[in-house]
Amino acid sequence: MEAAGVPSGTKTTCPYCGVGCGVVATPMPDGTVGIAGDTQHPANFGRLCSKGSALAETLIPDRRLLHPAIGGRKASWDEALDLVATRFRAAIDGYGPDSVALYVSGQMLTEDYYVANKLMKGFVGSANIDTNSRLCMASSVAGHKRAFGSDTVPGTYDDLEEADLLILVGSNLAWCHPVLFQRILAAKALRPEMTIVTIDPRETATSAQSDLHLPIRGDGDVALFLGVLAHLESEGAIDDAYAGAHTTGLDAALAAARPYAHLGLLAKATGLDTDRLETFLRLFALTTKTVTVYSQGVNQSATGTDKVNAILNCHLATGRIGRPGMGPFSVTGQPNAMGGREVGGLANQLAAHMEISDPAHRAIVQGFWKAPTIAEEAGLKAVDLFEAVLDGRIRALWIIGTNPVDSLPDADRVKAALAACPFVVVSDIVEDTDTMAFADVALPATGWGEKDGTVTNSERRISRQRAFLPAPGEARPDWWALAEIGKRLGHAEAFDYPNAAAIFREHAALSGTANEGTRDFDIGGLADLGDPAYEALAPVRWPLRRNGSGAERFFADGGFFTPDRRAKLLPVTDRRIDLTTPERPFLLNTGRIRDQWHTMTRTGRSPRLSAHMPEPFCEIHLEDASAKGIAEADLVEVASEHGSAILRALVTPRAPRGTLFAPMHWTGEFASKARINALVPPRVDPVSGQPASKALAVSVEKLAATWHGFAVSTERPDPAGADYFALARAPGGWRVELAGLAAPADPDAFARQVLCLAETAEILSYIDGTGHRRCAAFADGRFLGALWMSGGPVAVSRAYAVSCLTGAPPESAKRFKILAGRTGADRPDPGALVCSCFGVGADDIRRALAGPDCASVGDVGRHLKAGTNCGSCRSEIQGLIDAKPVVPEPV
Ligand code: SF4
C-alpha cells in the first residue's frame, strides 16, 4: 500500500558502496518498491549495479527490530534511554569519561555521525568513538594527512574517465565499485587507447578486463611504487617545477627509492616478472594523464599508510595531481565513509577535518558547540577499543549500525569482550545480528528508505538519502537516540534538534567557522539552507564556501594544508615480512564478492543476490589443491592461530600459488563456521590503526565429512546437528548446503527437522544403490521442500532444485521427478547464476556460445540480455568465453 503523504519517485542514494549512486525509489500500490538509477545523479547517470538494482528485495520487514528492548524484554523508548543515560553517567562519574565508548559505522548518515561525535568529544569529553570505517580507509586518511596536511581526495570521478593511464591498485573495482568500473569501461570503449592496469595478487573480474595485470606479491606495493619513483628519476620524468614549488622531502624520498631502480631487486621484492615491470614503469613514466585508484588491497595492510604515501610520492613528484585526468584516488568501501571523516567520526579526528592535537582547532570546536569540555587527545582506535572493553577499561559501550562480532579482526575475542562488558547498547535495524546477541539494551533504528540525511561519496559529493517509507514499529533515527542521551546527560540545549536539516546546518556552519581557506573541508555555503532547500538539495561536491567559492579539484597549483602549504613526500621503506610458517604455509586474502554487502544483514535477504555465490568459499590454486588432496567442491577447514572456518573449495588457476582467498561476508546467521574475521589477527598498521585483513598465515585441510546434503525448503531450514551448513534465501524459500563428520543417527528424522515438516506432511523418499538418499515433502498438493544426501558433494542442479520452490507443483504421479534433482531434457539447466539482473546462468551462456553468431560479451547480451543492465557480470561472461571462469562452479 502506498503510504499516505509519501511522494512517489523519491530521489535518494544507494546505501552500499562509496560510489554513491543516485536511486529513484517509487513505492507501488501493491506494497513493493520500484527501484531505478537516477539519470541525473552525477555519480551514476542512471546506472545501478546488481546490489543497487536489488534494493527493493532488501526492504522486507522480517527480523526487523521494531521496539526497544532491555535484556530481551520489550521496553519503551523512555525506559531504554533512561537506562542508557544512567549507566553511561555512572561509568563516567565512577571511572572517568574514557570508561565509555561509541563504536559507529560508515553506514550512518552524516547527521547521525555528527551528533555521535559531538556527544562524545564535546559533552562526554572522550575521543573514544571509532568507526568501522577504521577497517576500510583509515590508511588513506593517514597517508593523505601525512602528505597533504589534510584528508583530501583531490580528484573527481571524471578524472578516471579522462585518464590515459588508469592504475587500479588493490581494488577489484568491477565487483566492489561496479558502477564506477562501468563508467571507466564506457570511457575506454570511446577511447581504446586508454590503458587500464590492475595491480592485484589475484586474477579478478577487474584484472580480466584490464590491459595489463600485475599479479603482485601480497604487500609488495610499497616496493613497486618505490621502483616507480626511482624510474621516474632515471627517466627524467620528475616535474622539477611543481615539486620545487609545492613539495618538500623529494630528495629523501628519491634516496629511499633509488635501490629499487634495480629491476632484479624490484622483481624480487614484488614477485613480478621483469617484462611486466618494464612495461608498467614505462607506461607510468610516459603518461602524463595518470590516475592511480586504490582501495582495500592498499588500506587493509600493516604497511597500508606507507603504501598510500608511496603512491602519493609518485604523483607529487610528477605534479600529476588536481588536474583533469590526473591524481591519486582513494575509493571508499562504505556509503558514508567520507561523511564520517568530515564530522570527525574517527577516534583521532575532531569535527570538520580539524585536529584533536591542535589546541586552536579544539578551541574552535569547543567554542562553536558551547561545550563544557573537549577531548584533548586521540581516543582508542577500533582494535584497541575492543581490547579496552575486554580488559575492563571501557565499562559502557554503544554500538551503532555495525556488526563487530563478524567484521572486526580476532572476532572471537570481540565476542569475549562484549560478553565481559558490564553494559552494551546496540542500535540496529535487525533484531538478531551476531552482535545484537550481546546487547543489554537494543534500540531500533530506521533503515534505508526510512531515514533522512546526507552521505558523501568518494569524490566529495554530498547527496541526500531521503525517506520514502514510513518507519516501522518504533524505529527512530540514530541522531534522535543520540540527542536524547545528550539531553538526559544534562545538555538539552546542545542536542535540541528538530530534524536532520538542523543538524546539517550546524555541521555546515562549523566547517566554515574560522576557516578562510585554511582547511579543505568547508561547506559553509550550505549553513543557511532552510528545511525546504535541504529537502530539495541536489548532489553537491565540496568545498562550497560561504562566499560561494568552491573547487572542482585540489592541489593543481599547490595550496596544501600543511603549515608551509607544501606537500610532503615521505621516504617510505619496504617493511613487508613473510608471515607464513611451516604449520601455516598459506597466505589468506579476504575480501568482498559481487552481490553481497558486508555482513549480509541486508543483501542476505535478497534471493536474487544470494543466488550468485550462495555459499562461503575458499579459492585455492589447482596445484595447491592437488598437493593437499583437495578436489573441486570439497569442504575445507582453513585455520589461523586465532580461529578456523569451514568453506567450500573453489579450485582455480586464477588463485596465486600459496595463497587462498575467502569472502568476509558470512556470519553465524548464514553459516555454521565462516566468520572469516575470526581468523584475522589483530595486526594493524602502526600509523593508521587499520587491521591487516588481507594477509594472514593459515593452514588448509580437507574436511573429513562423511556425508553431504543439499536442501530447498519453503521454511527456513533447521540445520542443527550438521557440522557444516550454509543457508541462503531463494525465491519462494531457502536453500541450504549441509555436511557432517558422522551420519545422522536417524536420517528420516533429520530430514523432517531440516525441512521443518509437520507430522502430516507427505514424504516421498528414495535411496539408490550407492546409498544416496533423496526425499521430497508435500502438503495439500504444495511442495514444501526436498533434501538430497550423499557420501560426497551432492550432484544436484541447484538451479532446478530452487526452481521447485516457485514452480507449479507436479501432479502426484510425477513427483518422483523432483528426487532426480535434474531438469528434464525439455527444460535446460541454466547452471550457476551469472547475470543477477536477468537470471542468466553459466550453462545458458555456454549454450549460446556454442551456437552461431555468438562469440563476444556483446553477442551474449544480444542473445540472452545478460550483461546489458548493470554490467557487473560482463567479466564473468568473458571468463566463460575464454573457458577460464572468473567464478569456478562447484557443482
Ligand atoms: Fe550502490 Fe552499486 Fe552504485 Fe555502489 S556501485 S553505490 S553498490 S549501485
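A salt bridge is a side-chain nitrogen of Lys or Arg within 4 Å of a carboxyl oxygen of Asp or Glu. By that rule, this predicted model contains 58 salt bridges.

**A salt bridge across the sequence**

- Arginine 553 and aspartate 159 form a salt bridge, and their closest N and O atoms are 2.7 Å apart.
- Arginine 553 sits in the loop between β19 (540-541) and β20 (567-568), while aspartate 159 belongs to helix α5 (residues 157-162), so this pair ties together parts that are 394 residues apart in sequence.
- Buried means under 20% relative accessible area, so arginine 553, at 18% relative accessibility, counts as buried.
- As a general idea to keep in mind, side chains of opposite charge can pair when their charged atoms come close.

**Glutamate 737 and its two arginines**

- Glutamate 737 forms a salt bridge with arginine 648, with 3.4 Å between the closest N and O atoms.
- This pair links distant parts of the chain, since glutamate 737 is in strand β29 (residues 733-740) and arginine 648 is in strand β24 (residues 644-652), 89 residues apart.
- Glutamate 737 has a relative accessible area of 7% and is buried, and arginine 648 is buried at 4%.
- Glutamate 737 also forms a salt bridge with arginine 798, where the closest N and O atoms are 2.8 Å apart.
- Here strand β29 is linked to helix α26 (residues 798-803), which holds arginine 798, and the two residues are 61 residues apart.
- Both glutamate 737 and arginine 798 are buried.

**A salt-bridge network**

- Some salt bridges join up: Asp78, Asp82, Glu484, Lys487 and Arg488 are linked in a network.

**The barrel**

- Six strands close into a barrel, in the order β21-β25-β22-β24-β23-β26, with mixed pairing.
- On average, neighbouring strands of this sheet are turned by 45 degrees against each other, direction ignored.
- Within the barrel order you will find β22 beside β25; strand β22 (residues 617-621) pairs with strand β25 (residues 659-663) in the antiparallel sense over two bridges.
- To spot this pairing in the structure, look for isoleucine 620, whose bridge partner in β25 is leucine 660.

**The open sheet**

- Five strands form an open sheet with parallel pairing, in the order β10-β9-β8-β12-β13.
- Its edge strands are β10 (212-214) and β13, each of which pairs on one side only.
- Neighbouring strands of this sheet are turned by 15 degrees against each other on average, direction ignored.
- Strand β12 (residues 290-294) pairs with β13 in the parallel sense over four bridges.
- Valine 293 has phenylalanine 329 as its bridge partner in β13.

**Around the ligand**

- The residues that surround the ligand are Cys14, Tyr16, Cys17, Gly20, Cys21, Leu48, Cys49, Lys51, Gly52, Pro178 and Val179.
- The elements giving two or more residues to this shell are α1 (50-53) and α7 (178-190).
- Sorted by class, the shell has eight nonpolar, two polar and one charged residues.

**A buried threonine**

- Threonine 332 lies in the loop between β13 (327-330) and α15 (337-343).
- Threonine 332 is buried, with a relative accessible area of 0%.
- The side chains of threonine 332 and serine 458 are joined by a polar contact of 2.9 Å.

Methods
Residues are numbered from 1 along each chain as its sequence is written. This is a predicted model: local features need pLDDT of at least 70, side-chain atom pairs count only at pLDDT 80 or more; totals for chains, interfaces and linings use all residues. Side-chain values use heavy atoms; hydrogens and water are left out. Buried means under 20% relative accessible area, exposed over 50%, partly exposed in between (1.4 Å probe, protein chains only). Two strands pair if DSSP finds at least two bridges between them. Axes are lines fitted to C-alpha atoms, for helices over the stretch in contact, and angles run from 0 to 180 degrees between N-to-C directions. A residue is near a molecule or strand if one of its heavy atoms lies within 4 Å of it. Ala, Val, Leu, Ile, Met, Phe, Trp, Tyr, Cys and Pro count as nonpolar, Asp, Glu, Lys and Arg as charged, and the others, Gly among them, as polar. A polar contact is a pair of N or O atoms within 3.5 Å; within protein, one must be able to donate a hydrogen and the other to accept it, and residues adjacent in sequence count only if both atoms are side-chain atoms.
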